[in-house]
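Student: Hi! I'm new to this one. Could you walk me through it?
Tutor: Happy to, let's look together.
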Amino acid sequence: MTPDAQILTALRSTPAGVSGAELAQRLGISRAAVWARIEELRRTGYDIEASPHLGYRLRAAPDALHADDLLARLGAVKVVGRDIRVFQETTSTNDVMEKLARDGVKEGVAVFAESQTKGRGRLGRKWLSAAGKGLWFSVLLRPKIRPQAATQLTVAAATALARAIHRQTAVQPEIKWPNDILIRGKKVVGILTELSAELDTVKYIILGIGVDVNQTAADFPPDVRRLATSLRLETGQPLDRAELAAAILRELDQDYARICGGQFEALADEWEERCSTIGANVAIHVGSRIVQGRAESLDADGALLLRTQHGHLERIIGGDVTVEK
Ligand code: BT5
């Protein structure tokens with residue numbers, strides 16, 4: 001952990017205050033060096049009180065994402081989030097991650113951006129990424145799985161996100177196959193899974209995740225406003241984005257461990273419970289084809305099994321779904 005992450009961890013774990021001497025000892029640096037770090041944190045917006053009796057006290061953190069702060073809030077993780085990078089602006093965090101992946105960066109790194117100029121969805125669609133209002137980030141994974149099983153990671157991401165949102169807001173979101181999370185029928189999260197693979201092995205997977213957190217209705221243009229919502233709109237309150245980001249990474253770390261440990265079935269069960277598509281009669285657009293039927297379950301690779309009108313089971317790995325009444 002960096003010195004700033006260690007300082008923020010210490011300040012959060014002792015809200016009553018930590019002395020400069022204690023921080024210096026914990027970090028193995030001088031008190032003057034601690035003071036310099038505190039000054040730097042203040043410059044980036046942290047409200048840290050310094051008093052001769054109580055030492056340093058964290059009064060408030062800014063509504064901005066900082067890598068050290070995210071690391072401090074996240075605590076110990078196995079893989080996901082052990083390296084966090086934050087950009088003010090990027091084209092798309094998936095683009096940044098692609099370069100890191102090709103440079104051989106270790107799995108687990110998470111890249112956040114406060115704003116994206118070319119945020120994207122599937123099939124070249126646009127993803128709106130209002131500056132400072134949501135969580136726009138990508139996670140790099142290098143699972144030892146066959147390319148056909150890559151959908152498992154989208155399943156893991158959706159399950160982790162639904163759980164984290166429920167824990168942080170008490171709202172019960174629903175998963176819409178394959179890559180959306182909805183609240184009261186409106187989209188609050190989109191997931192874009194991008195894959196680099198050889199014939200029989202995955203080289204890496206980039207999970208691109210967009211979470212609408214603090215937008216008001218006016219932050220969405222009219223065409224998207226009909227379909228989209230934010231956690232703030234649903235709960236009536238602005239949310240601490242950094243706290244939510246840490247919660248999501250923590251849940252994703254757990255679900256990734258479940259996949260790596262061969263427990264996809266348990267994960268798929270949880271996904272099915274949270275998924276509104278399962279059990280529904282749906283029409284799925286797959287390229288120019290439309291497949292209709294009843295969504296039954298996920299198979300071992302994470303593909304959707306659809307029972308068609310003729311009684312056949314179709315295995316579908318991607319598409320746009322409409323629920324039929
Ligand atoms: C998705 O695509 O839902 C995947 C979105 C992934 C976004 C993240 S942000 C971090 C990372 N970097 C990126 O560049 N992307 C990922 P899809 O299922 O194709 O849905 C796209 C559709 O969602 C659009 O055509 C709009 O109708 C709608 N949409 C656009 N922006 C939205 C938003 N902020 N909230 C809700 N819906 C939105």
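Student: Where is Ala 170 found?
Tutor: Ala 170 is in the loop between α6 (151-169) and β6. Keep in mind that this is a predicted model.
Student: What's phi like for Ala 170?
Tutor: Phi is near 70° there, which is a positive value in a residue other than glycine.
Student: And is Ala 170 buried or exposed?
Tutor: Ala 170 counts as exposed because its relative accessibility is 61%, and the cut-off for exposed is over 50%.
Student: OK, what about Arg 184, where is its place?
Tutor: Arg 184 is in the loop between β7 and β8. Its phi is near 45°, a positive value in a residue other than glycine. With 70% relative accessibility, Arg 184 counts as exposed.
Student: New topic: what kind of peptide bond joins Trp 177 and Pro 178?
Tutor: That one is cis, with omega at about 0°. Pro 178 belongs to the loop between β6 (174-176) and β7 (180-183).
Student: Now the ligand. Where does the ligand sit?
Tutor: You'll find the ligand in the largest pocket. It is surrounded by 27 residues, and among the closest are Ser 92 and Lys 187.
Student: Which kinds of residues make up that shell?
Tutor: Ten are nonpolar, ten polar and seven charged.
Student: How far is Asp 212 from a nitrogen atom of the ligand?
Tutor: A polar side-chain atom of Asp 212 is 2.6 Å from that nitrogen. As for cover, the protein hides 92% of the 800 Å² of accessible area that the ligand has on its own.
Student: And Arg 125?
Tutor: An N or O atom in the side chain of Arg 125 is 2.7 Å from an oxygen atom of the ligand.

Technical notes
Residues numbered from 1 in each chain as written. Predicted model: local features only at pLDDT ≥ 70, side-chain atom pairs only at ≥ 80, totals over all residues. Heavy atoms only, no water. Near = heavy atom within 4 Å. Polar contact = N/O pair within 3.5 Å; in protein donor to acceptor, adjacent residues only side chain to side chain. Areas by Shrake-Rupley, 256 points an atom, 1.4 Å probe, with all protein chains shown as cover. 1 Å grid on protein atoms, 1.4 Å probe; cavity = no way out; pocket = protein on both sides within 12 Å on 5 of 7 lines; lining within 4 Å. Sits in = over half its atoms within 2 Å of the grid points. Nonpolar A, V, L, I, M, F, W, Y, C, P; charged D, E, K, R; others polar. Helix = DSSP H or I, 4+ residues; strand = E, 2+ residues; numbered from the N terminus. Buried < 20%, exposed > 50% of the residue type's maximum accessible area, 1.4 Å probe, protein only.
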